[in-house]
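Take a moment with the sequence and the 3D view below. Then follow the text from one site to the next.

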Amino acid sequence: MDKNRKHSNHYAVMLLCLTAFCACNEDELVIKNTPADSMPSAGTATVYNIGQSAYDTPAPWVTGDLLRRFYAGDLLYDRNRGTEGGKGPLYAGSSCGSCHSNAGRTLPSMYTPDSGSGTMGFSSQLVYITKQNGGFFRNYGRVLHDQVIKGEKAEGKLAAWFTEETFSFPDGETYRLQTPHYRITDWYADSIQPEDLIIDVHIPLRHVGMGQIMALDPDELRRLAAQSNYPEYGISGRLSIISERNKQYVGMGGNKAHHADLTVELGFSSDLGVTSDRYPLEVCEGQSQNIGYSHYGIQITTREMEDVDLYMSCLGVPARRNVNDPAVKRGEANFFRAQCQLCHTPTLHTRQDAPVLLNGTRLPWLANQTIHPYSDFLLHDMGKGLDNHVRTGSAYSYEWRTTPLWGVGLQQTVNSHTRFLHDGRARNFIEAIMWHDGEGAVSRELFRRMNKQERDDLIAFLNSL
Ligand code: HEC
Ligand code: HEC
């Protein structure tokens, strides 16, 4: 009871601060961004905020009780959990927002200017560990939990270093590609031999359009996959099919399109070490250091998790900006000339029926919308350079889901960095494009052969998304 009262007071204060803060800030920003120069990205869920909270603004139809639950979910999402909040004993982040700050991508510590090489404190990445034969290590699971509450030992610590090569465009401008390399030190128990181990590091994904992604029409994606066959460009996208509990789903979420939902339960369990009805055991269950660990029990309710689900589903999608700028218009034409749209599909539609959340709440506003995600949500062979050597769901190690590009131009404003690709190795748009290989090779080559003006214009277009 007491605890609840404390939360609701805290929540009321937060709500006041949030509304007060957003109201003044947003007005200012919306006026600068005249609707004439912008374009809706997600139908009625489009928002015109171009500031730091551009990814973290409720859709305009989120009002009344829905808005109250949106902020309750936002709070649960961002609140740093202490041990009393059920965090740990082992975890990867203290809150969802510690990795997805402002509903975006927190800058991973290994890419901060002063990190250099060596082991990391809190990294804001997910470090996946797999055996060479594809299996998991006993008692470690798939995610390396590198954070711990007092008195525990982390499963291990990630160390990263980089090699770098310089290349040039035909017009002489140079660019450099950086390849990350990883090692794990300080294993908590049995040391794992490097030759048995595959390390796969992912930076967080932006939450732009999560509700719309989950409301995509699987039949439209099926048709897209059937059409996505362009032998002249070496492109053939593949639908990700997930089999779970004897049912089949079309995967849309995650870099391997290996999720068919917003993974809230999994996130709380595996990333934060918070138990729920679905995952009642701590993630470190079975580790010798935690035998007899006494804090079992349910640390977050499905109602609370549904609020987090609702929060992510009801986020607005930032409108496109500067759409009448001549450079942006030329850049858009160049995007098509380079055939980027064959994977980064500009327009898709959501289903006719309303999406349903964890506890059955329906969101009719997400149905039947024309959206501009700039992704086909299919898997593509992206070549050797991006191969992570692990099979995930139905995706082969060299296959990745086309990253949706809506909101990508605001990542610098929202998260103060321009790290791209699944592991953040690209430092800017040019590097992200130049890493495209396999099915993306023709597109990359078409971009490489453009002159500087054409390349700059294409990037101006990406910045307008
Ligand atoms: C330690 C950092 C970390 C924490 C903590 C974390 N995430 Fe993530 N999240 C990631 C990474 C990394 C990915 C990308 C995984 C991949 O490659 O598919 C991701 C992906 C996601 C996605 C899929 C996005 C998409 O575009 O499909 C959702 C949804 C998500 N996280 C929700 C959550 C929620 C909810 C929580 C809190 C319960 C949470 N995350 C906590 C790092 C984190
Ligand atoms: C064959 C399909 C395909 C084509 C063609 C393609 N892409 Fe991609 N793109 C992808 C995939 C898959 C990823 C994710 C790769 C990863 O994270 O390792 C990606 C990632 C990106 C990213 C990084 C996004 C982020 O937030 O991390 C950018 C930017 C991008 N592509 C731009 C382009 C541009 C510009 C073109 C045309 C010159 C293009 N792509 C052509 C499939 C494609």
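Which element gives the largest share of the shell around ligand 1? Helix 6 does, with 3 residues. Helices here are DSSP runs of H or I with at least four residues, strands are runs of E with at least two, and both are numbered from the N terminus.

First, some ground rules. This is a predicted model, in which local features need pLDDT of at least 70, side-chain atom pairs count only at pLDDT 80 or more, and totals for chains, interfaces and linings use all residues. Residues are numbered from 1 along each chain as its sequence is written, chains are lettered from A and ligands numbered from 1 in the order in which they are written, and side-chain values use heavy atoms, with hydrogens and water left out.

Start at ligand 1. Around it are 27 residues, of which Cys96, Cys99, His100, His202 and Gly254 come nearest. A residue is near a molecule if one of its heavy atoms lies within 4 Å of it. The shell divides into 13 nonpolar, 12 polar and 2 charged residues. Nonpolar means Ala, Val, Leu, Ile, Met, Phe, Trp, Tyr, Cys and Pro; charged means Asp, Glu, Lys and Arg; the others, Gly among them, are polar.

Now look at single atoms. The side chain of Asn255 has an N or O atom 2.7 Å from an oxygen atom of ligand 1. For Asp271, a side-chain N or O atom is 3.4 Å from a nitrogen atom of the ligand. Helix 3 (96-99), strand 4 (126-131) and helix 6 (264-271) each give two or more residues to this shell.

His100 sits in the loop between helix 3 and strand 3 (118-119). Donors are N, O and S atoms within 2.8 Å of the metal (3.2 Å for Na, K and Ca); water is not among the atoms, so sites may look incomplete.

Move on to ligand 2. Its iron atom is coordinated by His344 (NE2) and His436 (NE2), at 2.0 to 2.1 Å. These two histidines are 92 residues apart and link distant parts of the chain.

Terms used:
A polar contact is a pair of N or O atoms within 3.5 Å; within protein, one must be able to donate a hydrogen and the other to accept it, and residues adjacent in sequence count only if both atoms are side-chain atoms.
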